[in-house]
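Here's a quick tour of one protein model. Have a look at the sequence and the fold before reading on.

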Amino acid sequence: MSEGMAESLMHNIMDTISDNVSKHKKVSFFEEDDSSSVSCKLNKLFGREKPVHHILGGGKSADVLLWRNKKISASVLGGATVVWVLFEWLNYNFLSLACFALIIALLLQFLWTNASSMLNRSSSSPPRVILPEEAFVNIGKLVGFEVNRSLIYLQDIACGGTIKQFLMVVGSLLAAAIVGSWCNFLTVIYIGFIAAHTLPVLYEKYDDQIDNFILGALGQVQHNYSKLDTGVLKRIPRAGSFKSWGRKAD
């Protein structure tokens, strides 16, 4: 997927959630809305004046995630499943698997080179596999950029963010730590890969039902958070109050 796809997706999600939830703070999760205009505003979770395909960045990556070409999507998902089975169920490690793959490749090239003399045919050179250096450079730059951007975001939240943002980040990290204690890193990646190839297509098919359910739940969460914010969080002094108090003391 393109780099801008994830960023545009997160912007659309956060903007739509903040707009809709702020306008419907007192909506009950079990409450049905009879107004068709309000329902029309609520059931667009990702600000979907644009289709899901466009939100996912468009192009071939979105086609794969939305199963536009079932053969390619099934092949990608099947390949990921084969890798997961090899490492998790059959207990292969990366070094062993790489060595076996190289042995098979060497054997094929050896047979290709010597088959011509055995069959009394003209000699032909086997194809050579050379990976471009630019691909590794681009991957390294992309990984470094994403890591630095994540670190900057976390430091901005810790130093200058609101209590709400800080609690959301801490809660997300705790949830990731709990999931990581249940299974290893490869399984977490595989679960995310499966979710990326199933949730978008399900959302595209059942978007209205999913939007109504999630936005109702978000309204209930926002209502509970407003109570917590009023009763607890607003009583916590902020960094500016500590500075002003220190100046007065001086």
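What follows covers a helix pair, the salt bridges and a surface patch.

## Helix 5 against helix 9

Keep in mind that this is a predicted model. Start with helix 5, which covers residues 70-89, and helix 9, which covers residues 185-205. Two packed helices are described by the angle between their axes and the distance between the axes. For this pair, the axes come within 11 Å and cross at roughly 160 degrees.

Anything over 145 degrees counts as roughly antiparallel, so helix 5 and helix 9 are roughly antiparallel to each other. As for handedness, helix 5 and helix 9 make a left-handed crossing.

How many salt bridges does the structure hold? There are 2. Side chains of opposite charge can pair when their charged atoms come close. In one of the salt bridges, the side chains of R68 and E204 meet, at 3.0 Å from N to O. R68 sits in the loop between helix 4 (59-65) and helix 5, while E204 belongs to helix 9, so this pair ties together parts that are 136 residues apart in sequence.

Are these two residues buried or partly exposed? R68 has 43% relative accessibility, so it counts as partly exposed. E204 comes in at 30%, which also makes it partly exposed.

R149 has E146 as its salt-bridge partner, and their closest N and O atoms are 2.8 Å apart. Here both residues lie in helix 7, 3 residues apart, or about one turn of the helix.

On accessibility, R149 is partly exposed, with a relative accessible area of 30%. E146 counts as partly exposed too, because its relative accessibility is 25%, and buried would mean under 20%.

## The nonpolar patch

Which helix supplies the largest share of the patch? That's helix 7 (residues 133-160), with 6 residues.

V143 lies in helix 7, and with 48% relative accessibility it counts as partly exposed. The reasoning is simple: exposed means over 50%, so V143 at 48% stays in the partly exposed class.

Notes:
Residues are numbered from 1 along each chain as its sequence is written. This is a predicted model: local features need pLDDT of at least 70, side-chain atom pairs count only at pLDDT 80 or more; totals for chains, interfaces and linings use all residues. Side-chain values use heavy atoms; hydrogens and water are left out. Helices (H or I, at least four residues) and strands (E, at least two) are DSSP runs, numbered from the N terminus. Buried means under 20% relative accessible area, exposed over 50%, partly exposed in between (1.4 Å probe, protein chains only). Axes are lines fitted to C-alpha atoms, for helices over the stretch in contact, and angles run from 0 to 180 degrees between N-to-C directions. Angles under 35 degrees count as roughly parallel, over 145 as roughly antiparallel, 65 to 115 as roughly perpendicular and the rest as oblique. A crossing is left-handed if the near helix is turned anticlockwise from the far one by less than a right angle, and right-handed if clockwise. A salt bridge is a side-chain nitrogen of Lys or Arg within 4 Å of a carboxyl oxygen of Asp or Glu.
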